[in-house]
Structure formats: C-alpha cells, structure tokens
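Visitor: I am new to this structure and would be grateful for a close look at one part of it, the pairing of charged side chains.

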Amino acid sequence: MQVQLAGEARRPGRESEDFAAASPEALVLLDGSSSPTGLESGCRHGTPWYVRRLGVHLLARLTDRADRSIAECLADAIVETAALHGGRCDLAHPNTPAAMVVAARRHGTALEYLVLGDSLLVLEFKDGPPRVIGDNQRFPGGEGLRRQVWSTVPGSAERAALHLEYALAVRAARNNGGGPWIAAASPKAAQHAETGFVGLDRLHAVAALTDGASRYTERFGLGSWGDALRLLAESGPGELIAQVRAVERTDADCERWPRGKAHDDASALYALL
C-alpha cells in the first residue's frame, strides 16, 4: 500500500484525540470519544493516551497475526491496552477512555476490514461506485436529545448542560447491550464491529476518515464520495481537511449546518493498493 495521511486537532494548542498509522500491509484510524469538561472518567491517563496505545497495539496485531481474524486482533489490542492502565484506573467506569476504530489489512488476495463506530472506511473500486462502510453504532434512544444540543447556541450554558445530559445517556447505554458498542476496556466490543473481505483485484484504493473529516461529504455536502476520493488522490488528505475547516469557519455558530461542535478533530488516510 502507498499511504498518505493527515490529521488536525479541532483547535490550536489542543491535543488531538484521533490517531492514524499504517504499514505497507495495514492501516488503523481511531477517533477518541470526547468527554465533556469536568466529567470524571476513572482513568488518570486520558483519551489521547488511550487511542495512541490502542492504535499501536492494533497495528502490530494486524501485521504479525495473520492467524487471527481482524476482530480478534482488535479484541487482543483492547486487552493489551487495558493491561497498561494499571491498578489505579477504574476500567469499569462508564466514561473510561474509548474510541471508534477503522482498520484494514492485506490478507492473501483480499483486503480484510473492520469498522466500529461512526468513523468511515471508503472502498474505491476499479469499476463501479465507492462503497462506504461505518457509522454502524448509532444510538436512536439519544437522537432527540442530540438534536436539542444542536439547536442551542455554541458556547452557551444551555448547550453545555444538554451536551452533558446526552453524554451521560450515551455512556450509560454503551457496551452493555442497550446502546452503541465502542472500543474501551472490554474485548467484547470487537464482536460488534462490521467486518469483511474484498478481493484486492477489485480495488483501486481505500480511504479512512474520522467523523471530523467525513464532514466533507456527510455534513457539508462539498462533493460526493467520488469527489472526495479524487481530492484525496490528487491533493492529499491535508487538502480535504483544509476544505472542511474553511467551511466550518463560515458557520462558527453551527446554524447552517447543525452539529455538536463547530470544529472537531479531523483525520484522513488514503491508501493506494
């Protein structure tokens, strides 16, 4: 694989909660689950620490354990990362650090893939339209509350209160069978990832995007997925993120395009096969 990647924190001076890495055989992209300011997590390390370690362990598993399925590799990486926390972290806490995951690797004559959460994997075929995989752990029970958050003024006390209420609802439901699944401390989450194989002879390239980068198509409608893939191929992931940021700046109050954050961590990866 020939890989290009780029990432940008949602604002200068803030540590990104995304992580992207690749080898000639595999790629991983993680989007850490942001926590409202002041909400306890039971962990002394934080989300950026978690996504980097989970990403590194997952990439290692993908490249050296061809005998394990891609979901089993994620489960193994979750267990290995949990062991790094040590006894001072409460991994049973509902707000323990967590992340959405995209992963793919060459496996014989096929590309094996995994997506868990609202990040996206886009398959670019030699013939036919792109296929978008992901956004597979929605939370219908919280959709009304999320739209209430979007209807308030960014930075207002009302939005902060509603955002906290929504965050608590999501965390109470996730990873227990009552809501979305996300990579956190339990390897069971890997069983709920969307996985599959696609013949390498059918593929031209693949792209992986966190939801902050997929705004290009999903939120702002700057182009189709075919347009996004052409932009990634011709100008690189950094240009796609730059175009997202340019639109975000024209709508700082989230009025034209309602969304939870005016800016979000954004990462994108494009791999030519």
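By about how many helical turns are E143 and R147 separated in helix α3?

Guide: They are separated by about one helical turn, because E143 and R147 lie four residues apart in helix α3, which spans residues 143-150. A helix here is a DSSP run of H or I of at least four residues, numbered from the N terminus. This is a predicted model, in which local features need pLDDT of at least 70 and side-chain atom pairs count only at pLDDT 80 or more, whereas totals for chains, interfaces and linings use all residues. Residues are numbered from 1 along each chain as its sequence is written, and side-chain values use heavy atoms, with hydrogens and water left out.

Side chains of opposite charge can pair when their charged atoms come close. A salt bridge requires a side-chain nitrogen of Lys or Arg within 4 Å of a carboxyl oxygen of Asp or Glu, and 17 are counted by this rule. E143 and R147 form one of them, with their closest N and O atoms 3.3 Å apart. E143 is partly exposed at 25% relative accessible area; buried means under 20%, exposed over 50% and partly exposed in between, using a 1.4 Å probe and protein chains only.

D135 and R138 also form a salt bridge, at 2.9 Å from N to O. D135 is partly exposed at 26%, whereas R138 is exposed at 60%.

In the bridge between R68 and E72, the closest N and O atoms are 3.9 Å apart. R68 is partly exposed at 25%, and E72 is partly exposed at 33%.

Terms used: Helix = DSSP H or I, 4+ residues; strand = E, 2+ residues; numbered from the N terminus.
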